[in-house]
Amino acid sequence: MKETWRWYGPLDQIQLSEIRQTGAVGIVTALHEIPYGEVWHRNTIVKRRDKIKAAGFEWDVVESLPLHEDIKRGMGDLSTLFANYRQSMANLANEGIQIICYNFMPLLDWTRTNLKSPLHNGGTCLRYSAFLMAAFEICMLKRKDAEKDYPSKVIEGAYNWFARSTEKEQSELLNAIMAGLPGAYDRYDVEGLRYALKSYDGLSVDDLRANYQLFLNEVVPTAQELGIKLCVHPDDPPRNILGLPRIVSDSKDIDWIINAFPSHSNGLTLCSGSLGASPNNNVVEIAQRYADRIHFAHLRNVRKEPDGSFEETAHLEGDTDMAALCKILLDEEKRRRQQISGDWQIPYRPDHGHELLSDTERGTFPGYPLIGRLRGLAEIRGVIHALGS
């Protein structure tokens with residue numbers, strides 16, 4: 001398995017020279033400054049790639065080549081958006097970059113309610129609190145029918161929190177929920193989010209799947225021609241958010257995606273934390289089932305709670321057996337090495353880390369500190385070494 005590191009380019013407080021000291025050999029990044037739906041021009045790709053190469057790395061994975069929201073909504077000038085996406089893929093492939101991670105989550109990317117939840121050791125972690133999310137949806141956003149999405153005890157906790165919360169605490173909650181969009185240009189206040197959600201009124205699971213099918217039909221044939229491996233990232237968390245449907249949350253969803261356009265170019269980003277946040281998902285079994293379609297892996301761990309809350313744990317703690325998961329990925333690499341000519345490695349990165357020691361002073365993107373991720377990388381490296389790779 002190839003060790004990689006997510007880097008946000010010019011937006012990142014962590015320098016490539018610091019990443020070199022982690023031992024990672026590949027970079028996962030994107031052109032975050034380019035608005036969604038526009039072409040990634042070849043000269044811009046080359047400039048970023050050459051900067052990465054000059055620092056001693058390869059640009060192994062694009063995360064993400066984002067989809068414009070009109071594709072998910074199925075509205076607007078889709079022919080131009082699809083043409084731009086195909087052109088961006090071609091420009092990336094021409095520069096030797098052939099793995100593209102993307103997601104199909106409407107409006108919001110990963111969602112948390114606490115960005116600095118305290119840990120027993122003095123560090124902090126990302127956390128999703130069911131009652132805080134309910135408080136936001138029911139009491140702050142005032143979304144119609146939001147109470148139907150939460151159990152009664154969670155709703156009670158939401159009202160209790162809101163009744164005693166300060167304006168500052170409510171603002172912090174909004175900022176936390178918006179923080180999962182590091183490369184996007186849209187940041188919403190409550191009224192702005194309410195307005196943005198209107199454009200999704202009436203969007204059903206079937207509608208979203210139809211729009212996803214169209215996307216696959218439009219881009220996977222080009223990916224096949226270019227040797228591009230597209231790998232969808234699971235929903236985070238794997239449940240409906242803000243009344244919006246999510247369709248990459250469990251093994252049934254993955255089955256649908258894989259069968260919607262049968263092609264090696266239509267694959268999966270295995271995110272053990274995203275899938276692991278649902279009590280209905282066995283991440284190890286999912287990895288085993290779809291091993292031959294895993295093109296990229298995010299390795300992290302979470303600890304779930306009965307009310308639907310969860311928090312990010314250290315990489316070898318939490319609910320997912322990380323050693324068993326790594327064993328499956330290593331076995332799949334062995335199979336590829338024996339049966340497939342060409343690149344057989346699965347790039348992985350330590351995803352989300354605790355803020356530890358001087359991390360708190362860096363101002364990095366939430367979930368992407370230096371020391372916390374270095375700890376995760378070192379732990380996973382040890383597991384892989386112990387398994388004999």
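The model is predicted; local features need pLDDT of at least 70, side-chain atom pairs count only at pLDDT 80 or more, and totals for chains, interfaces and linings use all residues. Residues are numbered from 1 along each chain as its sequence is written, and side-chain values use heavy atoms, with hydrogens and water left out.

Helices (H or I, at least four residues) and strands (E, at least two) are DSSP runs, numbered from the N terminus. Eight strands form a closed barrel in the order β1-β2-β3-β4-β7-β8-β9-β12. Their pairing is parallel. Two strands pair if DSSP finds at least two bridges between them. From one strand to the next, the twist averages 30°. Axes are lines fitted to C-alpha atoms, for helices over the stretch in contact, and angles run from 0 to 180 degrees between N-to-C directions. Leu-270 has Ala-297 of β9 as its bridge partner. In a regular strand, side chains alternate between the two faces of the sheet. Helix α4 (residues 78-94) lies across β3 (58-63), β4 (99-103) and β7 (229-233). The helix runs at about 150° to β4.

A hairpin is built from β5 and β6. Strand β5 (residues 114-118) pairs with strand β6 (residues 124-128) in the antiparallel sense, over three bridges. Ser-117 has Cys-125 of β6 as its bridge partner. Five residues lie between the two strands of the hairpin. Gly-122 of this hairpin takes a positive phi near 100°.

Helix α7 takes part in two helix contacts described here. The axes of α5 (residues 130-140) and α7 (residues 167-178) come within 11 Å and cross at roughly 110°. The two helices are therefore roughly perpendicular to each other. For such angles, under 35 degrees counts as roughly parallel, over 145 as roughly antiparallel, 65 to 115 as roughly perpendicular and the rest as oblique. On the α5 side, the contact (heavy atoms within 4.5 Å) is made by Leu-132, Met-133, Phe-136 and Met-140. On the α7 side, Gln-170, Leu-173, Leu-174 and Ile-177 take part. Seven of these residues are nonpolar, one is polar and none is charged. Here Ala, Val, Leu, Ile, Met, Phe, Trp, Tyr, Cys and Pro count as nonpolar, Asp, Glu, Lys and Arg as charged, and the others, Gly among them, as polar.

The axes of α6 (residues 152-164) and α7 come within 8 Å and cross at roughly 125°. Trp-161, Phe-162 and Arg-164 of α6 meet Glu-169, Gln-170 and Leu-173 of α7. This contact divides into three nonpolar, one polar and two charged residues.

Asp-236 sits in the loop between β7 and α10 (251-260). Its relative accessible area is 2%, so Asp-236 is buried. Buried means under 20% relative accessible area, exposed over 50%, and partly exposed in between (1.4 Å probe, protein chains only). Leaving aside neighbours within four places in sequence, the contacts of Asp-236 include Met-105, Asp-109, Trp-110, Arg-246, Arg-300 and His-352. The side chains of Asp-236 and Arg-112 are joined by a polar contact of 3.0 Å. A polar contact is a pair of N or O atoms within 3.5 Å; within protein, one must be able to donate a hydrogen and the other to accept it, and residues adjacent in sequence count only if both atoms are side-chain atoms. The peptide bond from Asp-236 to Pro-237 is cis, with omega near 0°.

A cis bond also runs from Glu-63 to Ser-64, with omega near 5°. Ser-64 belongs to the loop between β3 and α3 (69-73).

Leu-107 has phi near 70° and lies in the loop between β4 and β5. Leu-107 is buried, at 8% relative accessible area. His-352 has a positive phi of about 50°. The loop between β12 (347-350) and α14 (370-386) holds His-352, which is buried at 4% relative accessibility.

Glu-332 is found in helix α13 (residues 322-339). Its relative accessible area of 5% makes Glu-332 buried. The side chain of Glu-332 makes a polar contact of 2.8 Å with the side chain of Arg-336. Beyond neighbours within four places in sequence, Glu-332 is in contact with Ala-291, Asp-292 and Ile-346.
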